[in-house]
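Biologist: I would like to learn how to read a structure like the one below, taking one feature at a time.

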Amino acid sequence: MKQVVVHPERCVGCMQCQVACAVAHSEAKQLVPAQFESPRPRPRIHVGAGPYNEGFPNRCRHCDPAPCLLACLPGAITRVAETATVMINVDTCINCASCAMACPFGVIRYHEDRSAQAGKTVAVKCDNCLARQREDGIPACVEACLSAALTFETLDAAYKRQTDAVARSVSAVAAAEALAPGWALLNAHKKARLELLTSPAPSDEKRAAGNAREDTHVRHD
Amino acid sequence: MYDTIKDKTLPQDGQLLLKKAEADGVETVWARHQAQQPQCGYCEMGASCRICIMGPCRVDPFGQGPQQGVCGADADIIVARNLGRMIAAGAASHSDHGRDLVEVLAGVADGTALGYTIRDEDKLRRLAAEYGVAVDGREALAIAGDLADAMQEDYGTRKKGLALLARAPEARRALWQKLGITPRGIDRETSEMMHRTHMGVDNDWQSILLHALRNALSDGWGGSMIATEVSDILYGTPTPRPTAVNAGVLKKDQVNIIVHGHNPVVSEMILQACLSDEMTALAQAKGAAGINLAGVCCTGNELLMRHGVPMAGNHLMTELILSTGAVDMMIVDYQCIMPSLGTVASCYHTKMVSTSDKARFPHMDHHEFHPDNAAEKAREVVREAVENYLRRGEVYIPVEPVDSLGGFSVEAVVGALGGTPEPLLEAIKAGKIRGAVGIVGCNNPKIKQDYGHVTLTRRLIENDILVVDTGCVAVANAKAGFKLADAIAMAGPGLKEICGALGVPPVLHFGSCVDNVRILVLLSALADALGCDISDLPVAGSAPEWYSEKAAAIGCYFVASGVYTVLGPMPPVTGSMNIVKLLTEGLEDVVGATFAVEPDPEKAALLIRRRIEDKRRALGLPAASV
Amino acid sequence: MQYVIIGNGIAGVNAAEAIRRMDPNGRIVMIGDEAFPPYCRPMISMVLEGSVPLAKLPIRQASFYDDCKIEPILGNRVTELDVDAGRVDVNGKHVAYDKLLIASGADPRPIRAEGLELGNIVYMRTEAHVRRMLDALDGGARRALVLGGGLVGFKAAYGLMCRGLAVTMLIRSGYPLSMQVDAFAGGMILDTLTAHGLDVRVDIAAEVFEGKDTVEAARLSDGSRLDCDLVVIGKGVLPALDFVPRDRIEVDLGLVVDPFLQTSAPNVFAAGDAAESIDVARQARWVNAIWPEAAAQGKVAGINMAGRTVPYERSLSRNVIRIFDLDVMTAGVVDPQVITGAEVITRFDPATRHYRQLVFQEDRLVGMTLVNAIEQGGVLMALIQNRIPVAGRRERLLAPGFNYRALA
């Protein structure tokens, strides 16, 4: 069974997966008409920002056991064993956000969805694109990702690749083969920039800060 | 990712006003920057292409996905085309600004530009001579008309090279000729860049980048230089004069008007209106003590240089200054005016006025200024500003202004030196001054506001390097107190001695961002005096917090003119390591200078000091190791 | 093996299911006070507000006891526990156990006042209570008095407001949910409730209820008289442990349990609202009488009773509440003064009305109060529950889009 595997170090932050996910869950399944649908389709995958604003694709891990499933008050969250997918039944969901409190990855959102009764706010998260998979498709986020930060493969294959990578990293020669020098350069630059933002200004820059007016209270504490 | 307000902005007025703005629920540039994270890596690397609609395309940096666009362009070609278009846009912006000034000059000559006049006739005559316009025995207005025509020809393509290239050292001109990058026409080079980067034209990345240098030179030695020189003719060549800076220049008891943008065509007329007895009387009738005109951004720098009009802030202060609640009107012309400003102003009583037919903004009233109606329009909007004073709510001006000295044109510098650059050269030869650096450019929310500027400047002057600054840097450094009479205390011993003797601060305010050309003119004079090329001088340029396409063009004309230039933020080029190598190494053998990218100003200072000492050594001057 | 489970709430139900999975043949006796099929107790407030029908309360089929081969004894409470003999008494009968789980839950804390016997004065704890409240609404109740601003009182007030009643709430602290949220968040909640018409009175108690058959008015401690035709008492809960021999089993507020949910008596386990375990944020014994705790503890207790040793060391007070346009999520330490060395950081964005208070002790996050933008609150909760050291700048956790990557 294939599953979506996330490789955050290859995420370029282009957010194409978000767009593809929203479109895949729209009525029209096409970008242009999808944006005029009501409710407006929304992504189930969210590209967050890492410490130096690098991309970080965050999607449901379909945990087993799943904390959201255990926390669900009305029993709306279930596991489909054959596809290793944790699903939310929008008809049973009562929008209590107990799953938001339980999900350690913060991947569940609350909004109207075309799968639910009109006007009803429900918990929404990744469904592994089961509808696409049934028609021999792959999850939309994976299809959209050109930098292979999202792959659709068996866990065995993913583990093997990871094991190979660890093995290579033991070899100094292999480790020196940078994955992508331009990408590494950009990220090193962004890291350096971030450190500058958060590093305290040198003490002799106090003068640079200027003189607060003595008769003016800083009211906004 | 910002954790606190202190990560966003260094100056105290910035921090206090940002706190106020956030408490007022104003969405600022920093919040929008955060909301954009992560920013698209393909675009950050320059590896995405939207030029044609077989695309859009992108190249996978990891080599697994596509390596060519639909047309077959690889990463090198895509990055080069994108960078070329970026420089074309920057050159177009400066040069179009220059064109507007030439039109005013033409209007003065034919009497249609009411309210404008020739303020520096000497400069008019000198410049006319450079353009080959007959000057002897002729009336100023007649000369002005011919000069405006000649300059307009520089924009077209009827010549082999731009007139003002003659100001560059001979060796430099010969090098440009040899490389085939002598700019032929200001508009032509930009237009040709757009042509070359169309699908299926120039697909040699090196050739595209060489043309990018030519395009940038058409800005530095063309459009921008015309902008500065014609501004001096029309509004006066700057001379040193005291001024004040930071948000504290706003006055609680006066009508505060802020001018924002770049072109002095509008702001000069606003200043005249503010100074008129009629408007002052009106302000007093409304209960205000008077009218206080202040600037932000480069239109403010233009007024500061020529009239000592105070500066309320640079690029990242433009939203914050509105949160004082003390701005009765902000009048904008063009460039670097965030489209958010109208929305910010709507949280306060501030009236926003746009003035240019080419620059309109949401939530602003449009009062279109043209040379023939500018004086009258200026009175109209200033009257509105005065009336708006009555609608003011609570006012928060949390800082005291810092005094500063501005107005260093090349003429003023040479004047301060006693009419010749010789004393400066002697100080450099003796090693009292190790060299000179132009720190220029913008603010960018990717760098803590002003931290790059102020830190780099401090490190350079304390190591006896003279700093000249323009644009947003000039404001940051003035706020930091580098332009106070006692600022030499922060300079190294040699620089302190020389500046002390001349009575100038160790950091010289050279004007707005088009005024970067003043640096080119000064460097040419120094190179000629030493009998060398600009690339032989112990000098450098830096843009520690640049953000705009204009800054990309400036950086390129600095490097193409032989000035080693250190950028803070990374330009969108890392998609092609070939181009990274060319820009940071290969150009040394082509134009005698390269770019470096270093976001940390402490490290940038070391790079620059090393470069300066190397150049000193090559000139046979005493050199130190850094 | 004979298992006896006291209580058919979520702790008891989860324990029974865990036991049955591991021991298909053991005998399971379940003694429950309530005869209604196992249901979701937190949802009764949603039944009251009308967002969930009564029929949706059950979380198991009516056939649950048969399906799990459980012998139910319903409608009665245990009267005695003899730990030496290994038996409990219910309805006059002895029931022997090899392993006993006390998941008897909690009862509403009673109040002292005159006239409590009048009709339409109810607690809000059980499905039966909420049915009585719905009956009162059907009977035309228009004006409600809610005693207490804790979770129960607050949810009762909110539910009745949703039903269109005029509601007065008497609270002791200056704002509702004072045990769950900090003063700032409490102020936001109070403002929202009062903006929607709630009448809140601070530091006032009801002393006398008046009426013929049903309540018609209350006399308050400030001497005033308040007309009301429905009174809800929500002054918290106490573990239901009347039958427990305190000389033989260690009882504090609840039954003191070890990490395996075993009490001080051999073969006697406890879970849910009746149990007192180590709270992960406070690092002290605490009764966390909340649904997800009961669910988790019941499951772990069942596994331990069936013979596999599994510790449970994640007990944590927490809640998520949605009222009108406010979403509130809290966990762990809310009042920094209850622990030593607490450091507090907060952020309020007036434009979006997002609020966060985070409480740290040394390098651990030990408490959070979020108002709005709660979608990623579970990430913070996981940091608290797993006691993950937070390196780097803590302010990052105040951003609504926070993710683990940002901690690196």
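Predicted model: local features only at pLDDT ≥ 70, side-chain atom pairs only at ≥ 80, totals over all residues.

Biologist: How many helices and strands does chain C have?

Modeller: Helices (H or I, at least four residues) and strands (E, at least two) are DSSP runs, numbered from the N terminus. In chain C they come to eight helices and 26 strands, whereas chain A has ten helices and eight strands.

Biologist: What does the radius of gyration say about chain C?

Modeller: The radius is taken over C-alpha atoms, and the globule rule is 2.2 Å times the number of residues to the power 0.38. For the 408 residues of chain C a compact globule would have a radius near 22 Å, and the chain agrees with this, because its own radius of gyration is 22 Å. Taken along the principal axes, the box filled by its C-alpha atoms is roughly 65 × 60 × 40 Å.

Biologist: Which share of the residues in chain C is buried?

Modeller: Buried means under 20% relative accessible area, exposed means over 50%, and partly exposed lies in between (1.4 Å probe, protein chains only). By that rule 55% of the 408 residues in chain C are buried, and in chain A 51% of the 221 residues count as buried.

Biologist: How should I read contacts, and what do they join in chain C?

Modeller: A contact means heavy atoms within 4.5 Å. Among contacts in chain C between residues at least 6 apart in sequence, 60% join residues at least 24 apart; for chain A, counted between residues at least 6 apart in sequence, 57% join residues at least 24 apart.

Biologist: Where does C:Glu127 lie, and which residues does it touch?

Modeller: C:Glu127 is found in helix H4 (residues 127-138) of chain C, and it counts as buried because its relative accessible area is 3%. Leaving aside neighbours within four places in sequence, C:Glu127 is in contact with C:Glu34, C:Phe36, C:Tyr39, C:Ile44 and C:Leu57.

Biologist: Is B:Arg306 buried or exposed?

Modeller: B:Arg306, in helix H13 (residues 297-307) of chain B, has 4% relative accessibility and so counts as buried. Not counting residues up to four places away in sequence, its contacts include B:Asp232, B:Tyr235, B:Glu268 and B:Arg518. The C-alpha atoms of B:Arg306 and B:Gly406 are separated by 8.5 Å, although these residues are 100 apart along the chain.

Biologist: How many aromatic pairs are there over all chains?

Modeller: A pair of aromatic rings is described by the distance of the centres and the angle of the planes. Rings of Phe, Tyr and Trp (its six-membered ring) pair if their centres lie within 6.5 Å, and planes under 30 degrees apart count as stacked, over 60 as edge-to-face and the rest as tilted. The structure holds nine such pairs over all chains. In one of them, C:Tyr158 and C:Phe324 have ring centres 5.0 Å apart and planes at 85°, so the pair is edge-to-face. C:Tyr158 lies in helix H5 (residues 151-162) and C:Phe324 in the loop between strand S22 (318-323) and strand S23 (326-332) of chain C, so the pair ties together parts that are 166 residues apart in sequence. C:Tyr158 counts as buried at 11% relative accessibility, whereas C:Phe324 counts as partly exposed at 30%.

Key
Residues numbered from 1 in each chain as written. Chains lettered and ligands numbered in written order. Heavy atoms only, no water.
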